[in-house]
Amino acid sequence: MSSENSTLVKLNNAGFKQNDKWLVEGVSLTVEKGKIVTLIGPNGSGKSTTAKIALGIYKNIEGSVEKYTNKVGYVPQKISIDWTLPLRVYDFMLLTENIKEEAIDEALTLTGVIHLKNKNLGNLSGGEFQRVLIARAISKKPELLVLDEPVQGVDYTGEIALYELIKRISDTLNCGILLISHDLHTVMTATDHVVCLNGHVCCSGSPMDVAKNNEYKSLFGEKASQILSVYEHKHDHVHSEKGEIKKN
Amino acid sequence: MFDDFFIRALFAGIGIAFVTGPLGCFVVWRRLSYFGDTLAHSALLGVTMAYTLDLNIAISVFLISSIIALILIQLQKKTNLPGDALLGLLAHSSLAVGLVVIGFLTFIRFDIMGLLFGDILAVTTDDLLIIWTGGAVILLVLKLIWKPLFASTVNYELAEAEGLNPDRAKAIFTILMAAVIAISIKMVGLLLITGMLIIPAAMARNISDSPQKNGNIFNYWWITVCCIRFVFFIRI
């Protein structure tokens with residue numbers, strides 16, 4: 001497959017301005033089939049905005065977006081559903097596309113919430129709802145999956161399981177994933193390409209490239225990058241006796 | 001069969017009920033009850049237009065309400081005012097213009113009470129035709145836009161991200177609202193039309209757990225029909 005065919009969405013120098021304030025500008029990134037691209041950055045750095053630009057939710061943008069697929073699964077960061085609506089988990093799964101019963105059951109089983117299938121959406125806890133959101137996004141077997149902090153509110157063991165699930169989905173469906181997280185640890189292990197944002201692209205590259213970047217260090221502080229480098233220790237470097245980092 | 005005024009009224013009521021039931025669900029879910037009021041107020045202007053220019057009332061009301069609705073959508077995009085302020089702005093300015101125009105129509109004897117509360121017993125066979133064909137078209141269109149409209153009611157960004165074009169669905173729904181007001185204004189009246197939209201849907205909400213099941217849609221219709229009957233007995 002040529003590289004052009006495997007591209008799902010491509011941002012060229014994209015930016016978005018709201019009330020004369022740039023939420024994010026000059027972002028270029030590409031999501032390809034079977035690849036996981038992760039956006040990291042502090043609060044207000046434009047991670048969600050970048051995802052929304054990629055999804056085409058924001059229309060009046062600077063730069064351009066090329067989208068090569070319409071099979072998109074989206075897990076938003078915030079979702080305000082009016083609980084006055086009579087809506088069961090089952091109905092919610094069918095929200096944007098008519099999918100088969102087996103596909104619904106499979107997705108709900110994968111995220112561990114099959115027992116909630118006929119419950120009313122308003123009665124779920126935050127973590128349960130988050131799992132339903134992920135199930136909904138994957139049940140339609142998308143080509144592009146956009147996950148905006150997908151594991152928020154999920155308990156710790158569940159969090160790891162869900163990240164494993166995301167990895168597995170990317171392998172089995174061969175879909176491209178745009179993942180947003182500030183959970184540096186988990187992101188670093190599964191991802192192919194990291195883009196670090198702070199109103200603009202601060203740095204990008206493979207997980208290890210980013211971890212070594214000075215700008216990234218100053219953004220997240222010495223401590224976080226130390227935790228990270230200790231973590232990275234298994235992969236690409238060793239610590240000398242004096243505590244200095246030496247590359248393999 | 002349609003010679004009897006009461007039979008005509010009954011069929012008009014049932015026809016309107018079929019349309020306002022499902023449409024009313026979206027009015028309740030999308031919190032548009034005040035929006036229905038705004039369109040109904042602007043309908044007064046439509047009625048006066050019909051008298052001045054000698055047009056069909058339903059068509060004239062439909063045109064004016066659609067224009068007001070589309071102005072509203074534009075204003076929502078362009079200004080920072082909250083939705084209810086915009087609705088109030090449009091409702092009362094169109095009402096005011098309508099009343100001023102009525103004031104100038106001295107050559108026509110005009111029963112404003114009839115406009116406010118409607119008269120279901122004065123339905124003609126032509127009105128029946130408008131209600132049933134218009135209603136059928138409205139329901140058909142609603143069926144076509146049901147998925148994007150419902151998805152964007154639940155969450156706009158999800159619908160937009162997954163390619164359902166919610167803006168178009170919203171614009172079409174707004175036109176449908178104008179249409180339902182246009183076909184029912186003569187029977188139900190300016191002040192009561194919002195009630196026809198809200199009350200049945202709000203009642204049906206208590207006995208349903210799912211939006212999409214056909215059975216539940218029939219529930220909505222059934223309750224609306226009951227309401228219409230209720231209105232009948234009060235009015236007679």
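In what order do the six strands of the open sheet of chain A stand? The order is β5-β6-β7-β3-β8-β9, and the pairing is mixed.

The model is predicted: local features need pLDDT of at least 70, side-chain atom pairs count only at pLDDT 80 or more, and totals for chains, interfaces and linings use all residues. Residues are numbered from 1 along each chain as its sequence is written, while chains are lettered from A and ligands numbered from 1 in the order in which they are written.

**View 1. The six-stranded sheet of chain A.** Helices (H or I, at least four residues) and strands (E, at least two) are DSSP runs, numbered from the N terminus. Two strands pair if DSSP finds at least two bridges between them. At the edges are β5 (72-75) and β9 (201-205) of chain A, each pairing on one side only. Neighbouring strands are turned by 10° against each other on average, direction ignored.

**View 2. Strands β3 and β7 of chain A.** Strand β3 (residues 36-40) and strand β7 (residues 176-180) of chain A run parallel and are joined by four bridges. A:Ile36 has A:Ile177 of β7(A) opposite.

**View 3. The three-stranded sheet of chain A.** This open sheet has the order β2-β1-β4 with antiparallel pairing. Because β2 (21-32) and β4 (61-67) of chain A each have a single partner strand, one side of each is left without a neighbour in the sheet. Six bridges link strand β1 (residues 7-18) of chain A to β4(A) in the antiparallel sense. In β4(A), A:Glu62 stands opposite A:Gly15.

**View 4. Helices lying across strands of chain A.** Helix α5 (residues 126-139) of chain A lies across β5 and β6 (144-148), at about 170° to β5(A). Helix α2 (residues 47-55) of chain A lies across β1, β2 and β4, at about 120° to β1(A). Axes are lines fitted to C-alpha atoms, for helices over the stretch in contact, and angles run from 0 to 180 degrees between N-to-C directions.

**View 5. Helices α1 and α6 of chain B.** Helix α1 (residues 5-29) and helix α6 (residues 125-154) of chain B pack at about 15°, with axes 10 Å apart. That makes α1(B) roughly parallel to α6(B) (an angle under 35 degrees). Residues in contact have C-beta atoms, placed from the backbone, within 7 Å. The contact includes B:Phe11 and B:Phe26 of α1(B) and B:Trp132 and B:Leu142 of α6(B).

**View 6. Chain A against chain B.** Here 17 residues of chain A are in contact with 18 residues of chain B.

How values were computed. Parallel < 35°, antiparallel > 145°, perpendicular 65-115°, else oblique. Contact = placed C-beta atoms within 7 Å.
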